Amino acid sequence: MIKMNIVLLGAPGSGKGAQAEKIVAKHGIAVIGTGNMLREEIKKNSELGKKAKQVMDAGQLVPDGIILGIVNERLKQPDCKNGFIMDGVPRTIAQAEALGKITKIDIVLDLEVSEKVIIERLSGRRFCPNCLAVYHVINTPPKKNGICDKCGSRLEQREDDRPEAVKKRLQEYALKTKPLKEFYKKKGILKKIDGGQPIEKVFSDIENAIG
Ligand code: AP5
């Protein structure tokens, strides 16, 4: 068991969600996944969900103010006291600076993956609109084609996994998120992980990095 505050940094499809799930399963720390939090709001059809859907489907980033609001609330919940893993946040320098004022980050794991692998992963990803479980048609398929193992719902492709949206997400990543590598490197807490390896091997490298 670890008690650490971890950030998972990486391009769309680099495996942040897959690794966050494994870290949480092994270490029982809280997960703060802004993509899933926003998708929950979309599912509820809340005002926030309606606003976020348009931006997300187009592959753009949701405004910093909205993200910081939901993360701030999440950090106040008691399960975050024993450590947490941030999946997909921060994603801009402004978010990182604001987070630095409200919490302490111990380590930033930078999942490095080539663009070719990213495209293969995102084009083959399927998700469950009911329980948000994630699959890949080749790498991690469900037992029954197109059906969620966990709740039996029909799997779908994410709107933002369409080629035009993926292109935009990769541009947003290069422009707004990649600079975070330098930001955290200067703080001495950035650790590079080869995210292009099989899921279990990436996880074992993460385990070594977090000790
Ligand atoms: P979010 O849901 O966080 O999307 P993302 O960052 O683009 O990341 P992905 O979910 O696409 O990929 P991942 O790295 O988690 O990969 P995964 O593990 O699923 O955010 C969605 C949107 O919300 C954003 O575009 C933005 O609009 C908004 N948003 C969220 N946070 C925000 C923020 N902080 N600021 C502003 N806006 C924000 O893996 C991908 C596939 O590959 C899966 O099928 C998986 O099974 C498979 N796979 C994973 N690892 C491996 C492996 N090692 N080998 C083989 N297959 C693998």
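Colleague: How far apart are Glu47 and Lys50 in helix H3?
Modeller: This is a predicted model, to be clear. Glu47 and Lys50 sit three residues apart in helix H3, residues 47–57, so about one helical turn separates them. Their side chains meet in a salt bridge, at 3.3 Å from N to O.

Colleague: Is Glu47 buried or exposed?
Modeller: Glu47 is exposed, because its relative accessibility is 56% and the cut-off for exposed is over 50%. Lys50 comes in at 42%, so Lys50 counts as partly exposed.

Colleague: How many salt bridges does the structure hold?
Modeller: There are 23.

Colleague: Which residue does Lys181 pair with?
Modeller: Asp110. Their closest N and O atoms are 3.1 Å apart. This pair ties together distant parts of the chain, 71 residues apart. Lys181 is in helix H8, residues 179–186, and Asp110 is in strand E4, residues 107–112.

Colleague: And are those two buried or exposed?
Modeller: Lys181 is buried, at 16% relative accessible area. Asp110 is buried too, at 0%.

Colleague: What about Asp161? Which partner does Asp161 have?
Modeller: Asp161 forms a salt bridge with Arg125, with 2.9 Å between the closest N and O atoms. Again, distant parts of the chain are linked, here 36 residues apart. Arg125 belongs to strand E5, residues 125–127. Asp161 lies in the loop between strand E6 (134–136) and helix H7 (163–177). Both Asp161 and Arg125 are buried.

Colleague: Which residues share that network of salt bridges?
Modeller: Arg125, Arg158, Asp160, Asp161 and Arg169 are joined into one network through shared partners.

Colleague: Switching topic. How many residues are in the largest nonpolar core?
Modeller: It has 26. Val71, Phe84, Met86, Val108 and Tyr184 have the most contacts inside it. In soluble globular proteins, nonpolar side chains tend to be buried together.

Colleague: Which element gives the most to this core?
Modeller: Helix H4, with four residues. Other elements giving two or more include strand E1 (5–10), strand E3 (84–87) and helix H5 (93–102).

Colleague: What does Val108 touch?
Modeller: Leaving out residues up to four places away in sequence, Val108 touches Val7, Leu9, Tyr184, Ile189, Leu190 and Lys191.

Note on methods. Residues are numbered from 1 along each chain as its sequence is written. This is a predicted model: local features need pLDDT of at least 70, side-chain atom pairs count only at pLDDT 80 or more; totals for chains, interfaces and linings use all residues. Side-chain values use heavy atoms; hydrogens and water are left out. A salt bridge is a side-chain nitrogen of Lys or Arg within 4 Å of a carboxyl oxygen of Asp or Glu. Buried means under 20% relative accessible area, exposed over 50%, partly exposed in between (1.4 Å probe, protein chains only). A nonpolar core is a set of buried Ala, Val, Leu, Ile, Met, Phe, Trp, Tyr and Cys residues joined through side-chain atoms within 4.5 Å. Contact means heavy atoms within 4.5 Å.
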